[in-house]
Amino acid sequence: MNDPDSIINQLLTITGEENASMIKNSVHLVAGPTRQPEKDLVCFIDLYRKHDLLLDFFEWKYYPFEQIEHAPDILTEIILRNSATYLYSVVRKPDPVYMGIPFNQLPAPLQLLYCQLFSLDHTQEMMEETIRYYQTCRDPEIRQGVFEIIYYSLSLLDPKEIYFYMT
């Protein structure tokens, strides 16, 4: 699985081009990132855009966080649109991933999501900025993703603290 392209080519000679998309998706999903940053990033974004497929399997799960410095806008959008996938499908809390971009340069909802995923403390300011982001967001899918982050974060608080954020 170190060279998914050669596996894809071999499978295509057997099955034909009509199954190319399915074969490519399946092989990349199982193979994980190839450690060729530009190629992996293009593959991840293409599969998401063309097939609405979030590669959240094996080593792809936290890939957008690890690569956010290379395509911050599109990866932020992908993460926020799929925040429920990150929040509710975590079986084991992973160790924080390295992000090549300073944490304070991330949008507030992404900061809050990151804190929730990796069991880090978040600030009141982070929560307030996330709520403001939600209130001004125009994209319904991103808005829903930000709502999931807020809802998840509030569900972990004491009911008295929730009242503070709602007023």
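Guide: Let us begin with the term we need: a salt bridge is a side-chain nitrogen of Lys or Arg within 4 Å of a carboxyl oxygen of Asp or Glu. What you see is a predicted model, in which local features need pLDDT of at least 70 and side-chain atom pairs count only at pLDDT 80 or more, while totals for chains, interfaces and linings use all residues. Residues are numbered from 1 along each chain as its sequence is written, and side-chain values use heavy atoms, with hydrogens and water left out.

The structure holds three salt bridges. Please find Arg81 first. One partner of Arg81 is Asp139, and their closest N and O atoms are 2.5 Å apart. Arg81 belongs to helix α5, whereas Asp139 sits in the loop between α8 (124-136) and α9, so this pair ties together parts that lie 58 residues apart in sequence. Helices here are DSSP runs (H or I, at least four residues; strands are E, at least two), numbered from the N terminus.

Next comes Glu141, whose side chain meets that of Arg81 in a salt bridge at 2.8 Å, N to O. Because Glu141 lies in helix α9 and Arg81 in helix α5, this contact ties together parts 60 residues apart in sequence.

Glu77 is also a partner: the closest N and O atoms of Arg81 and Glu77 are 3.1 Å apart. This pair stays within helix α5 (residues 72-81), its members four residues apart, about one turn of the helix. Put together, Glu77, Arg81, Asp139 and Glu141 are linked in a network of salt bridges.

How open to the outside are these four? We call a residue buried under 20% relative accessible area, exposed over 50%, and partly exposed in between (1.4 Å probe, protein chains only). Arg81, at 22%, counts as partly exposed. Asp139 is partly exposed as well, at 22%. Glu77 falls in that class at 27%, and Glu141 does so at 47%.

Now follow helix α9 (residues 140-155) along to Tyr151. Tyr151 is partly exposed, with a relative accessible area of 48%. Together with Tyr88 and Phe147, Tyr151 forms a nonpolar patch on the surface, and the three have about 320 Å² of accessible area together. Such areas come from the Shrake-Rupley method with a 1.4 Å probe, and for residues only the protein chains shown count as cover. Patches are made of residues with over 30% relative accessible area and no salt bridge; like charges are joined within 9 Å, and nonpolar side chains (Val, Leu, Ile, Met, Phe, Trp, Tyr) within 5 Å.

Finally, stop at Ser153, which is 38 residues from Cys115 in sequence and 9.4 Å from Cys115 in space, C-alpha to C-alpha. Cys115 has its place in helix α7 (residues 108-117). With a relative accessible area of 3%, Cys115 is buried. Leaving aside residues up to four places away in sequence, Cys115 touches Phe103, Leu120, Asp121, His122 and Met126, where contact means heavy atoms within 4.5 Å.
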